[in-house]
Amino acid sequence: MHQIKQQRSNIAVIGGGVVGLTTAFILSKEYNVTVVAEHIGTATDSIKASAIWHVYLVPETDEVLSWAQITLEKLYDLETNEPSAGVEVVPGVELFRKSGPIPHVPSWSHIPKRFKIFTEKEVAMYNKYIASELTEIELQLLRENPVTWGYYIDAPAADMQKYLSWLEKSVINQGVKVRKVKLSSFDDISNDYEIIINCSGLGARELTKDRNFIPYKGQYFVLKASTTSPKDYVGDDYHPNGITYVIPRLGEVLVGGWAEKGCEDLELTLKFTDAIRKAGLYTPWLQSCSESDQARSPVVGIRPARVNGVRLETDTLSAKIPIVHNYGHGGSGFSLSWGCAEAVKVLVLKL
């Protein structure tokens, strides 16, 4: 172990998105690292992330929650000490319905600058609707699946254009090299490095022949912020008409969403009016918005979820050299990235 560290092993990190760049950043403090990817930073699918700290589409195991906690702490630090990273803390609420998890205080609840479970009165407030704005079917669905609990939280969010640019610049400043190539096999580079870190996201499905992926299509609209636009975010993962959120983020307001299991096409199928109707229940400002208020094109992306969640483990069978896999982050790549990178470092030290 000490010999590897002393010799500064040559490590390849496959993947140039948020998980790959974060992992390269952590490892480059002790190793010679090269990011190997067809695309890097803002040219990757990570640019499409809504990028507010939130554990989504991964099993909430103790391990996952520890990665989330480490990442949450790091994002708060970046917001304070690295303004160029484009991280800001956004106050908001997370809503949970009858069909979701039972009320509980999350293990990380002591970390946010603000965290507070709803009172019964506050829960009731989110179950009041203006009937004229909804159809009878919509009202019935909401009444059958009411909000049963929730919490207030101050959550870090990132402008992914700025955040990925900062990450890319940071790894290069630490001596990380970039090799732009599309791999068809680990063997393509196994003679060039001593260890491979596989952060290839959905690309791992082909590289590793992993059939446990269940991609989830996501979609959202981006509106121009104004002096009267919301300053707080709302997350409603269990809305009976589909995941719903409003996220104010550095001059924009993201309105979604969508979580279509097993779908991988990039066609926009979410209707603007539908997204506004759902999210407008809790954010009245949206009700006067039209498609002309969009700041840029709608975003459609694929979340790389897996049946068993994140794969973070050492593999000595897939290639000529050891591989540490770090993929399958579902809708939580941004939210788990720093914790997973630290976990990868621990595995590398054991090789």
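Start at Ile196, whose bridge partner in strand 15 is Ile323. Numbering begins at 1 along each chain as its sequence is written, and side-chain values use heavy atoms, with hydrogens and water left out. Keep in mind that this is a predicted model, where local features need pLDDT of at least 70 and side-chain atom pairs count only at pLDDT 80 or more, while totals for chains, interfaces and linings use all residues.

Strands here are DSSP runs of E, at least two residues long, and helices are runs of H or I, at least four, numbered from the N terminus; two strands pair if DSSP finds at least two bridges between them. As a reminder, strands of a sheet pair through backbone hydrogen bonds, either parallel or antiparallel.

Zoom out and you get an open sheet of six strands, in the order 6-2-1-7-15-14, with mixed pairing. Strand 6 (177–180) and strand 14 (311–315) sit at the edges with a single partner strand each, so one side of each has no neighbour in the sheet. From one strand to the next, the twist averages 20 degrees. Helix 9 (residues 333–349) lies across strand 1 (10–14), strand 7, strand 14 and strand 15, and runs at about 15 degrees to strand 14. Contact means heavy atoms within 4.5 Å, and axes are lines fitted to C-alpha atoms (for helices, over the stretch in contact), with angles from 0 to 180 degrees between N-to-C directions.

Now for the gaps. On a 1 Å grid over the protein atoms alone, a cavity is a set of points where a 1.4 Å probe fits but cannot get out; a pocket is an open set with protein on both sides within 12 Å along at least five of seven lines, and lining residues have an atom within 4 Å of a point.

The second largest pocket has 20 lining residues, with His54, Val55, Glu60, Phe96 and Tyr238 nearest its centre. Strand 3 (87–97) and strand 5 (147–158) each supply at least two lining residues, and strand 5 gives the largest share, three residues.

What lines the largest cavity? Look for Leu134, Glu138, Leu142, His239, Asn241, Arg277, Lys278 and Leu281. Helix 5 (136–144) and helix 8 (272–279) are the elements that give two or more residues to this lining.
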